[in-house]
Amino acid sequence: MRSDESTIATLETMETESFVQVDDHTTTLTMTGAPRHAIIGLGTFQPSVSGSNGGRTKMTMTDVCFSLCAGEMSDNDEERAPVDLVVALDRSGSMYSRGKLDLAKKTLIMLLQQLRPQDRFGLITYSNEAQITVPILHMTDEHKNRASKAIKNLTAGGGTNMSAAVGTAAQEIRTIEQPNPVQTVFFLTDGHANTGISQVEGLVNLTRNCFGLSVVVTQPTDQFDQGVMQSMSVQNRNVVESDSNNAGSSATGANVTPAPKPLSTISMHCFGYGGDHNATLLRQMASATEGGSYYFIEEDKDVGKAFGDALGGVLSIVAQNATVTVEVPTKAKELGVEIVEVLHDQAIKRENGSYTVTLGDFFAEEKRDLVLTVKLATPARPTEDATPHVVGCVSYTDTLQSRLAQGERVAVSIARPEGGALSSENEHVAAQSFRVQATKEMEAAERLAAQGRFQEAQTTLRGTIDNYSTFSATVQSSAQASECMADAQQMEKYMTSERAYKSKGHALMSNKLKAHKEQRAAVSNAETSSNVYKQSCKRGKLASKFSIS
């Protein structure tokens, strides 16, 4: 949870009387809420691991969970939102080995075939410099053929200038004067940045500044170092001529300045080839954008499945800019209820005590959960009636219906009767509480491993496994909790040595950590698949088309 008092904005209190109901459109994103225990007596003690009241500590707090679910999407491709897609492809010398570039080229040509004339596609290739190989174009049959020829002519050679690729991709996609509802960048590399900006912090900040919602790239600034801007040479724009009807001015050099325009959400999906790439960097770059993903491509042939999975997600986005607002009702505040913590990195505390949480985009059929810890009501008299402790509401952009939407208010209530009553545990809420705790511990273990402190990292992961055993058997058997625990066990095995961690553990851990944290799997093979964060039907069908042998 982050709190920025310097930018706090006062939100109008969401009381029932002032809530504006949604219209009669079909609801794309629904939200429900539940407490971990619906009944907690005023005299209830915090149960110990064994279920006894050994510590004799009264329960004063509990977790609640808001669960969001996106609706299904029609198989009719004409009904989906059109997309703008720019691919930044590494063509450094190492991409020549084992035919990696050839496989990537085959995948890109397959990708083109899935796009409609309303969609746009652009290709940035980079080695020592970045160049616009295919400027952003509507994918008519003619433009697909021209793009395919440009892709087939690609060759490998040189170093890896990631910063130039990020900057050029950002400027190219920002040239679009009337962007499509969905905009995204696919970023593929097999190594480390060795030209231009090479530090993790610098590349992550560059990505955030290029694709963040608060920035328009109109001219070179100190966000781009001089080497990056010099690499964006206009003379490199020589493969396919620009589509003047939809691209606007070129954004390839210091002398070219596109006009400012309204910004749309741009996600970045990062693909790391083999065991030698910087997995932490790619995950953090993806996380710096709303809805970004990190794919670990262990085997070269898996690049097709990874691209198919990512494209399937992009083509099945049904909601964007989803934001949940949670607050304590006035009457509950008078009874001492307060939000202790919102267990999410994008939670912002507001001046009136409410929180807003940005959840980003949703693919069709995708589910996500928001866990809060709240202080329980302490009424003067015990009551069997449930007291609303917290209220939530979701707002988002409905990409299918091209409108702003707001869901109904959802109240989570808890009864506070006399004595030590404690209702049975809500298994889903408990599983989400474990997931949130586990991801924190996985992040801590990753930081330790990066410092070479592998024994401490193992100890941290064992703590996750031990914590799992404190939950009920029913919660342990739930898909969310059991998959988290299994991944913690797998990560622990790669913490035995630096060699084991760097060869595979680093990348696999980054992939799994992001999946559990954001409840979205980035699937490239069986080892990165998930039984919990499943693909939608549409996403799965598209991913299956990208099999390359």
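**Reading a predicted chain**

Trainee: Among contacts between residues at least 6 apart in sequence, what share joins residues at least 24 apart?

Mentor: That's 79%, where a contact means heavy atoms within 4.5 Å. Bear in mind that this is a predicted model, where local features need pLDDT of at least 70, side-chain atom pairs count only at pLDDT 80 or more, and totals for chains, interfaces and linings use all residues. Residues are numbered from 1 along each chain as its sequence is written, and side-chain values use heavy atoms, leaving out hydrogens and water.

Trainee: Why is helix H7 called largely enclosed?

Mentor: Buried means under 20% relative accessible area (exposed is over 50%, partly exposed in between; 1.4 Å probe, protein chains only). In H7, 11 of the 12 residues are buried, so the rest of the structure largely encloses it. Among them are Phe-307, Asp-309 and Leu-311.

Trainee: How does the span of H7 compare with the expected one?

Mentor: The expected span is 1.5 Å times one less than the number of residues. H7, residues 303-314, reaches 16 Å from first C-alpha to last, close to the 16 Å expected.

Trainee: What makes E14 and E16 a pair?

Mentor: Pairing takes at least two DSSP bridges between two strands. E14 and E16 have seven, in the antiparallel sense, so they pass that cut-off. Ala-386 stands opposite Ala-415 in E16.

Key:
Helices (H or I, at least four residues) and strands (E, at least two) are DSSP runs, numbered from the N terminus.
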